[in-house]
Amino acid sequence: LCNRQGFGQAATLEWDTEQVCKWLAEEGLSAFEAGFRREMIDGEVLLSLTDDDFKCIGVPTLGAKIKLKAKIEGVKKQHYAGQMVGGGAALSGGDGAFSEEQRLLVLEHVLQENTDLAARISTMAKEAEASAAPPPNFQCPITTEIMEDPVFAMDGHTYEREAIATWFRQHDTSPLTRAVIPPTLVPNVNLRSQIASWRE
């Protein structure tokens, strides 16, 4: 009954009792259908229900009342937002003006939608960043840069050739294990190929 942009259809006021009950079922509120049918709650009445009306409908508990009221507030927000965005019929006074309550409901709805959207965008950006980040073994442990010419040292670790060669000019130990090792370097052809593929 509500479109995917988050704005209710302008026809919410025109819902008959059957459409209201369909909405209840979609929202997981089927338990209230009998009361809504008995009291012949249509779209117009739905948008104007009060706490006293919940008693007539037969809402049994405070928890159920709070849940139902929250769902109805959501429909109101969507409906009024749809009216404002779609240029629908005036909802108060016949002069095209919206009441302060209606404007606040729309503002709250839009802010919530934007908060949800911002959270989704942030999550997507983090996922994209994580998938674009190089695997840690592509980075030289000395420079922390992605390696251009990876080589094995005799400590079993891979380094950027220039960085490990510079290290060996001043040290006779592994930069990672600190064990004494010869300055022999062997090209890590497999890793170089993986890095090249990742860059493409």
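**Notebook: burial, cores and a loop aspartate**

I began with burial, and found that 30% of the 200 residues in the protein are buried, where buried means under 20% relative accessible area with a 1.4 Å probe and protein chains only. I note that this is a predicted model, in which local features need pLDDT of at least 70 and side-chain atom pairs count only at pLDDT 80 or more, while totals for chains, interfaces and linings use all residues. Residues are numbered from 1 along each chain as its sequence is written, and side-chain values use heavy atoms, with hydrogens and water left out.

Next I read off the fold: there are eight helices and three strands, taken as DSSP runs (H or I, at least four residues; E, at least two) numbered from the N terminus, and their order is α-α-α-α-α-α-β-β-α-β-α.

I then looked up the nonpolar cores, meaning sets of buried Ala, Val, Leu, Ile, Met, Phe, Trp, Tyr and Cys residues joined through side-chain atoms within 4.5 Å. The largest has 19 residues, of which Trp23, Phe36, Leu46, Leu49 and Leu68 touch the most other members; helix H1 (17-26), helix H4 (51-57) and helix H5 (62-86) each give it two or more residues. Apart from it lies another core of 13 residues, including Val151 and Trp167.

Last, I checked Asp149, which sits in the loop between helix H6 (100-132) and strand E1 (150-153). Its side chain makes polar contacts (N or O atoms within 3.5 Å, one able to donate a hydrogen and the other to accept it; residues adjacent in sequence count only if both atoms are side-chain atoms) with the side chains of Arg161, at 2.8 Å, and Arg192, at 2.3 Å.

Conventions
Buried < 20%, exposed > 50% of the residue type's maximum accessible area, 1.4 Å probe, protein only.
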